[in-house]
Amino acid sequence: MKHLLTTKELSREEAELILEVTQQMADAVAGREVPKLPALRGRTVVNLFYEDSTRTRTSFETAAKRLSADVVNFAAKTSSVNKGESLRDTALTLQAMGADAVVIRHPAAGAPQRLTEWLDGAVLNAGDGTHAHPTQALLDAYTMKQRLGGIEGRTVAIVGDILHSRVARSNIWLLAKLGANVRLVGPPTLLPKDIDEWPVDIGYDLDASLKGVDAVMMLRVQRERQNASFFPTANEYARLYGLDERRLALLPDHAIVMHPGPMNRGMEIAATVADSPRATITEQVTNGVWVRMAVLYLLLTNGEAR
Amino acid sequence: MTDLLIKAADLIGKGRGDVLVRDGRVAEVGSISAAGAASFNGTVVDADGLVLLPGLVDLHTHLREPGREDAETVYTGTRAAAKGGYTAVCAMANSYPVADTAGVVEQVAALGRAAGYADVQPIGAVSVGLAGEQLAEIGAMAHSAAKVRMFSDDGHCVSDPVLMRRALEYVKTFGGLIAQHAEEPRLTEGAQMNEGAVSAELGLPGWPAVAEEAIIARDVLLAEYTGARVHFCHVSTARSVAIIREAKARGAKVTAEVCPHHLLLTDEAARSYDPVYKVNPPLRREADVQVLRAALAEGVIDAVATDHAPHALQDKQCEWAAARPGMLGLETALSISVVALGGPDAVDWDVLAERTSRTPARIAGLEAHGRDPQPGTEANFTLVDPAATWTVVPEDLASLSRNTPYAGMRLPVTVEATFLRGRATVLNGKIEEETTE
């Protein structure tokens, strides 16, 4: 593994290795007086963020610092033809500065892959357009493993705006690879064309789709999508696809409720559901740090000196 | 200067013969008379083993001049054309300034004459500034020295049905036609590649096939209603072919072109996120490629047109979404047309000549082009080696730009020579530097 661009390109062994190292990271740091490991001392990790995402950037920064890496935050303007420096020039600059790893968040799908052509260092995709967000999927998988005791054979419903969701895409490939059954649920307007070619089941009726699931993953839905007629109103969306207490009761007792954040309370998830003990939302955030430590560690050390 | 004797060429795949050219026109064909041979004092080209074709005619070339001379000029673009076997190209209107006035189209035509590598027939804009609101001065362009017959807002669809109707009606007065870039704009807002399983996976907003098909269906109806001629640029989907087939069966005055890249590449290429594969309309699925090939062989699709679209490096060395759409085509179109029509051993050279030369010349109204060698016709020919192969090396292309999607690909058939009115623009596979007539 030289880069982490998508979960689709990971082999099952690589994915399982990341989850295993994630566990080791959590065990190694938890309970320490100084929660820091020396593994990446002297290495430079650049956070190259073309989108505002305090959550993800902070998570990566925390992960890198707990591994004793030097962290540089490079907040960049959205690259379009006429404004700011081109992605290639930024890459050449980071290359010249000797970045060991670049964590990139970019609004254009495929930007991290382009970056690998211009940089020698490891590229870690922290979300590119509506394409992929592999560390989110890995932290979700880790959370499921913790809560459900495993992933193989479990059924996961991913609900909402699949069309615009990189989180959904990354989860689909990873969960399918790890042996889970994936159900996508949402209005047809928010499901991509031709996804019947994907390893998933498709449902339009949320009540029916919740039967027998082990985890339900609610995706953030932007209210503004109603302006482009993806759904008539936010209220109608919430009625048809929001997870409220009535629907929570339809879930099997052991099933968990996940959300990648940030949430629209009252839209895709009711406040009481978000705050219920079955919701794993804050655990997901904690696990995010362990997963990102594991990935940075594996990419920068090739897993040596473990 | 323009006396020429081409010896022992396979004339459009129909048998060997000589072609004697005097003053840029064909004097004799077949076996040359003793008198003809005795009085000949010009260039002799041994074409043994080569196929002679009428010079290729491109209905769809972006020469980028005026405005983007950093990507291509009329000079470099027509050199690329000659290298690809072309003797005439139709220059699209989306220059800066837009070719929406007599002044701009005359300038482009004059630059073509000055370069001397291929006849440049300007295409005029349908609407002022390609904005799709108000008709450009179509009559002034038609009656200008550039004699524009074909009008197109290419790059943009004439999506307003009223404007399209008026344009179709208006060009009837001088036998003109509208070349439509069929793309319903509301269905393609933000679109980056063909909509389907691959775009869904890559997270790139999809360009649905129906956005092309809906406009083609509408414009077929408008053409029939107005009795006018419509030509469809870069047809890319199987369903578009079906609509055009039905329209032709009813007798509608409809013609259509297909681009080489839509005959060879698919949306799978986008997986690299390398924007050299970004083009509008986008690369489609394998099933579309197969239908387009069959339609070209059959003649439902009338012509191969390159949509040669040079772009500066920085417009392709970037994120997919930030890149400009379009790819080079002039120097590879002949080879890919041969592939699409069955490969060098199986291709019917007469069909190839029909789709790459005679029919496009007829559509564009270029009477001196697309002619088989007959006494009296202008000597606009290309000689190709059907047995040769070549590898596409971007740096070796004559175009000023490098955005070919075929880099490293091994292709059949090389252009050995191109003649414009009997004068070699390419000889022994090399561009001639002296082109003044």
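How are H1(A) and H5(A) oriented to each other, and why are they described that way?

Analyst: This is a predicted model, and everything below is computed from it. The axes of H1(A) and helix H5 of chain A, residues 134-148, cross at roughly 70° and come within 10 Å. Angles of 65 to 115 degrees count as roughly perpendicular, and H1(A) and H5(A) are therefore roughly perpendicular to each other. In handedness, the crossing in which H1(A) passes H5(A) is right-handed. On the H1(A) side, the contact is made by A:Ile18, A:Leu19 and A:Thr22. H5(A) answers with A:Leu138, A:Ala141, A:Tyr142 and A:Lys145. By class, the residues of this contact are five nonpolar, one polar and one charged.

Helix H1 covers residues 12-29 of chain A, and its axis comes within 8 Å of the axis of helix H11, residues 281-301 of chain A. The crossing angle here is roughly 115°, and H1(A) and H11(A) are therefore also roughly perpendicular to each other. H1(A) passes H11(A) in a right-handed crossing as well. From H1(A), the contact uses A:Ile18, A:Val21, A:Thr22, A:Met25 and A:Ala26. From H11(A), the residues are A:Trp290, A:Val291, A:Met293, A:Ala294, A:Val295, A:Tyr297 and A:Leu298. This contact holds 11 nonpolar residues, one polar residue and no charged residue.

Chain A is divided into domain 1, made of 12-131 and 285-301, and domain 2, made of 134-280. The C-alpha centres of the two domains of chain A are 26 Å apart. Their contact takes 18 residues from domain 1 of chain A and 16 residues from domain 2 of chain A. On the domain 1 side, H1, H11 and strand S4 (122-128) of chain A each supply at least two residues. That side divides into six nonpolar, eight polar and four charged residues.

For chain A as a whole, the secondary structure comes to 11 helices and nine strands. Its radius of gyration is 19 Å, close to the 19 Å that the globule rule gives for 306 residues, so chain A is as compact as a globular protein of that length. Along the principal axes, the C-alpha atoms of chain A fill a box of roughly 55 × 50 × 35 Å.

Chain A also touches chain B: 23 residues of chain A are in contact with 16 residues of chain B. Helix H6 of chain B, residues 197-202, gives the most to the chain B side, with three residues. That side has nine nonpolar, five polar and two charged residues.

Chain B has its own division, into domain 1 (4-51 + 376-431) and domain 2 (55-364). The C-alpha centres of these domains of chain B lie 26 Å apart. Their contact takes 28 residues from domain 1 of chain B and 42 residues from domain 2 of chain B. Strands S16 (381-391), S17 (410-420) and S18 (423-427) of chain B are the elements that give two or more residues to the domain 1 side. S17(B) gives the most to that side, with six residues. The residues of the domain 1 side of chain B are 18 nonpolar, nine polar and one charged.

Methods:
Residues numbered from 1 in each chain as written. Chains lettered and ligands numbered in written order. Predicted model: local features only at pLDDT ≥ 70, side-chain atom pairs only at ≥ 80, totals over all residues. Axes fitted to C-alpha atoms, helices over the stretch in contact; angles between N-to-C directions. Helix = DSSP H or I, 4+ residues; strand = E, 2+ residues; numbered from the N terminus. Parallel < 35°, antiparallel > 145°, perpendicular 65-115°, else oblique. Left-handed = near helix turned anticlockwise from the far one by under 90°. Contact = placed C-beta atoms within 7 Å. Nonpolar A, V, L, I, M, F, W, Y, C, P; charged D, E, K, R; others polar. Domains from an automatic or database assignment. Rg over C-alpha atoms; globule rule 2.2 N^0.38 Å.
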